[in-house]
Every structure is written in structure tokens, then in C-alpha cells.
Amino acid sequence: MLLVPLSFLVALFLAVFLVRLLGEGRETWRHNGLFLALLALYVVQSLLVGLRWGYGVMAVLPLLPVMASLVPALSYLAFRDLTRETPGLDLGDWPHLLPTLATLLLLVIGRAPVDLVIIANFLGYGLAVLWLARLGPDGLVAARLDGSLRSYRALLLIGIALVASALTDVAISLDMLWSGGRYSPMVVSAATTLILLLLGIGAVTAGAEEAGEGRLADHEAPIRETADSDPRTTLPASTQSADQPASHEGVAAFAPSAKTASDEHRRLATDLDRLMSEKRLWADPDLNLARLARRLGSPARAVSETVNRVHGISVSHYVNNHRITEACRLLSQTDMPVTRILFEAGFVTKSNFNREFLRVTGQNPSDWRRRALPPPP
């Protein structure tokens, strides 16, 4: 009985985040519809698991495999959108309905093979999701560069959870074969609840990052052009703590890549640096690799490879380094509050700003400002 409340608590946890994302408005619904649908599916599936294995409601039994068959494909499609310059569903995506249609057909003619279909479904899509992760965070060309690392981690979590679900089904099948299903109810209830929680956390993380959930909109201010706001400016050496690595001395002091950069890479890198400096693209909070590539007139893969080879870092770190340089300038030259500065620098959420600021400078913004400003007379 202890596992029954857990299943419903998972559903409640996911439902709360679903409502929060829905509250972001129609723009969020349009851009993150698949993640919203995915969260709704996880909520329903968690409730069905609780009803079946907690209260023995047999009426929901036919729904469980049908709903489960939708989870892998929808998970894959939601994260695939982050890897494409033109996201969205099209007519060519209809084969992703085949696992669900096959499940429905097998339920009508006989239940025995359904478990094999579900195992293959979760395992296949789990591996497909992990394949999307092969290019790293830069592979998520449609993800906001402000939080692409968290979206990438969510992608990995979803892939691992799908594969784990397939392996759990294999364990259940073996239990049915060897012990007549003695441990199956406990395994199904506990493992399914845990996996749905992991899947939900992945969807919540990615959906919230892409929706900019948590942005302090009423503090947002228009971006201003300033003569001394070149984002490539090196941070003052006086702000570096004694035990801080030399690589943090300046935001723009990028490490060279181990791979050789061609003349074409250097040319594109120069164009990118000029575009970032003159047009202040880093100040766009919704900037992603696809937008950056369109402004340069080059494929997203070429831009990513250029930044990796010339600067030795990911595109998200490259852009966020520019943003942190601007944030440091504002911290040292103005009395703006940190919550205003993070938006001026192009960040959307305070958590991402603090994480990136710590990565670049080794300090939090408040400590950095205290070290940068001279003591009062």
C-alpha cells in the first residue's frame, strides 16, 4: 500500500508542473506542445498505474499497454524537435503511430505478444533518443543557449529511463516464467512509478527550459546599445581571486581546440565574433544555434564545429561567456540589481545565470561585485 500514494504523488508532482507550463501562455503552448502532451501522458499513466496495482481496478488494464505504447514515440518526437532547425510534426511522422496500432491490434486478437511489442518499443526509442545525444549540447540546435545543457541532460535522462523501462519489462517476463509472477506486482508498481517520475523530470526540465519558466518578466527591460559594452572585453584581473584558475581571468580567453581549425573555420569564427559584438546577438534571450546559423548563412553543424575547433568550447558556453562579460561590466559600472542585470545580459532564469556566472568567474554575482568595486572612502 505504501507504493500506491507514491504513484499518485508522482502524478500530482507532474500535474503541478504541467499547470505551471500551461500558465506561461499560448506562445509556450505553440512552441512546447509536444512536451506539454508528454507531461499530460505521464500524469494519466501514473494515475492508471496507481489504480491498477494499488486498488486492483481491472477496468484500466487494457488502457495501460495502449498508453504505455505512446510514451516512447512522443518522448522521442518532443526531444527530436530540439535537434532540428524547423521543429514540428509533419505527415512523414505517421510511422510513429505504428507501435500503438500494433498494440491495439494484438490486444484484440490476443494479449501474449503485447509485452514483446512494448519491450521493443521502449528499447528502440530509448536507443533512438540516446542517438540524438551523440552530438552533445550543440546538437540541440533549437534549444535556447541559456539552458541547453540542462535540456541535454534531460535528453539523456529520458533515453536512459526508456531503456530501463524495457529492461524492467524483461525482468517481469522472466519473473512470470520462473516464479509464476510472484514478484511482478511489486516490480511493476515500484519500477513503473520510478520510471514515470524520471521521464516526467526529464520532460519538465526540458519543457521549462524552452518555455523560459521562472523568468522574472516584470523586471525585464529593453536592451540598450552602449559604446563600452563590447562582450569580448576581458574581465579586470583585479576581480580574479587568488585561488581561481587562470582560465577565469577573462571571459573571452577561450582555449584553443585540440583539432586543427581550417581557414574556413577561422573565417567563420571571425564573422561570428563580429556579429556577436556589433549586433549583440547574445542579448537575445531566445537565441539558439539555429538562429545563429541563419544569421551567419551557414549550417548549424558548421557553426558548432567552428566554435569547437577555434575556441575549444561549446556554442552555449561561447554565447554565455559573452553574456557573463556584459553582466560583469554592468555589475562593476552600474548599481543595477542582479535581477535586472541577468536580463540585460540575455539570460532568462536566475538559476542559469548563477550557474554560468560561477562557471566563468568562480564566484557568485554578489561576491564578484564586492571584489570589483573599490571600498568606500
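Predicted model: local features only at pLDDT ≥ 70, side-chain atom pairs only at ≥ 80, totals over all residues.
Student: A side-chain oxygen of Asn 288 reaches to within 3.2 Å of the backbone nitrogen of Ala 290 at the start of H10. What makes this a polar contact?

Tutor: A polar contact is a pair of N or O atoms within 3.5 Å; within protein, one must be able to donate a hydrogen and the other to accept it, and residues adjacent in sequence count only if both atoms are side-chain atoms. The pair of Asn 288 and Ala 290 lies within 3.2 Å, and therefore meets the limit of 3.5 Å.

Student: Why is Ser 46 called buried?

Tutor: Buried means under 20% relative accessible area, exposed over 50%, and partly exposed in between, with a 1.4 Å probe and protein chains only. Ser 46 has 1% relative accessibility, so the residue counts as buried. Ser 46 belongs to helix H3, and its side chain reaches the backbone oxygen of Tyr 42 at 2.9 Å.

Student: How do you know that the buried residues of H10 share a side?

Tutor: In helix H10 (residues 289-296), the buried residues are Leu 289, Ala 290, Leu 292, Ala 293 and Leu 296. They cover an arc of only 160° around the axis, which puts them on the same side of H10; the arc is that of the directions from the helix axis to the C-beta atoms. They pack against helix H9 (263-279), helix H11 (300-311) and helix H12 (315-333). Gly 297, with a positive phi near 70°, follows H10.

Student: Why are the buried residues of H5 said to line one face?

Tutor: Pro 99, Thr 100, Thr 103 and Leu 106 are buried in H5. They fall within an arc of 130° seen down the axis, so they line one face. The face turned away from that buried side carries the exposed residues Leu 101, Leu 105, Val 108 and Ile 109.

Student: What makes a set of residues a nonpolar core?

Tutor: The members are buried Ala, Val, Leu, Ile, Met, Phe, Trp, Tyr and Cys residues joined through side-chain atoms within 4.5 Å. The largest such core has 47 residues, of which Phe 79, Leu 155, Leu 162 and Leu 199 touch the most other members. A second, separate core of 22 residues includes Leu 275, Leu 281, Trp 282 and Val 315.

Student: Which residues does Leu 155 touch?

Tutor: Contact means heavy atoms within 4.5 Å. Leaving aside residues up to four places away in sequence, Leu 155 touches Phe 79, Val 129, Leu 132, Ala 133 and Leu 140.

Conventions
Residues numbered from 1 in each chain as written. Heavy atoms only, no water. Helix = DSSP H or I, 4+ residues; strand = E, 2+ residues; numbered from the N terminus.
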